[in-house]
Amino acid sequence: MHTKRLFNLGLIILLLSITACATVQPFPVPANNPTVTNVRYNLAAHEDQQVVWGGQILAIEVKKETSLVTILAKPLDSNGEPINTDKSEGRFLARFSGFRDPAVFAAGRSLTVAGKIKGSETRKIGNYPYVHPVIEVDSYRLWPVQTTRYYDAHDYWWYDPWYPWYPGYPMYYYYPTYQPGPQKLPPANK
């Protein structure tokens, strides 16, 4: 009985250590993956080509049988996740079959799509007519919302177990706070 419990405990510890080392499955990017800019200026050469693009969702338009997501193209890292940078190759449209919830595919989220290029659509950005390449989506990954972890201006290494009860306590107490999404700047001192 005792050895069975030890075996089960060892098995649980082994499984927990394996799952703790799990990483994000990479989204494979083909070697001959054209950029959004190349496709915009030479659409005929890339028609029906398989591509993997990603970026930041700008808008979603739900139609009767499809959902059309406007994406600001960003460079992808080795896992296929869009890199949060000011660099962009332009915009493109990702056409999904069926309904995609605008609350889930919200503006600002990162999305990577794989599919075939199926023409283009010209839409206006302000008064400028802009050609958007259209991808018929085969597979996609909607990346989790990034959380920003920031620390108060207190010293990181200071720790006092008597903090709440010590009367002359200096204001050096470390505590992390978590806020989802982009960090907002504090109001300026006047």
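Predicted model: local features only at pLDDT ≥ 70, side-chain atom pairs only at ≥ 80, totals over all residues.
Strands here are DSSP runs of E at least two residues long, numbered from the N terminus.

Proline 102 sits in the loop that joins strand 3 to strand 4. Setting aside neighbours within four places in sequence, proline 102 is in contact with Ile60 and Val62. Valine 69 is 33 residues away from proline 102 in sequence, yet their C-alpha atoms are 9.3 Å apart in space.

Now let us turn to the interior. In soluble globular proteins, nonpolar side chains tend to be buried together. In this model, the largest nonpolar core has 18 residues, and Trp53, Phe92, Phe96, Leu111 and Val113 have the most contacts inside it. Helix 2 (36-41) gives two or more residues to this core, as do strands 1 (50-62), 2 (66-73), 3 (91-97), 4 (110-125) and 5 (128-142).

Beyond residues up to four places away in sequence, phenylalanine 92 touches Val36, Trp53, Gly54, Val69, Thr70, Ile71, Ala73, Val113, His132, Pro133 and Ile135.

Our last stop is the second largest pocket, with a volume of about 160 Å³. It is lined by 13 residues, and Asn33, Lys74, Pro75, Leu76 and Glu89 are the closest to its centre. Strand 1 supplies the largest share of this lining, three residues. Sorted by class, the lining has eight nonpolar, three polar and two charged residues.

Methods:
Residues numbered from 1 in each chain as written. Heavy atoms only, no water. Core = buried A, V, L, I, M, F, W, Y, C linked by side-chain atoms within 4.5 Å. Buried < 20%, exposed > 50% of the residue type's maximum accessible area, 1.4 Å probe, protein only. Helix = DSSP H or I, 4+ residues; strand = E, 2+ residues; numbered from the N terminus. Contact = heavy atoms within 4.5 Å. 1 Å grid on protein atoms, 1.4 Å probe; cavity = no way out; pocket = protein on both sides within 12 Å on 5 of 7 lines; lining within 4 Å. Points joined across faces, edges and corners; volume = space filled by probe spheres on them. Nonpolar A, V, L, I, M, F, W, Y, C, P; charged D, E, K, R; others polar.
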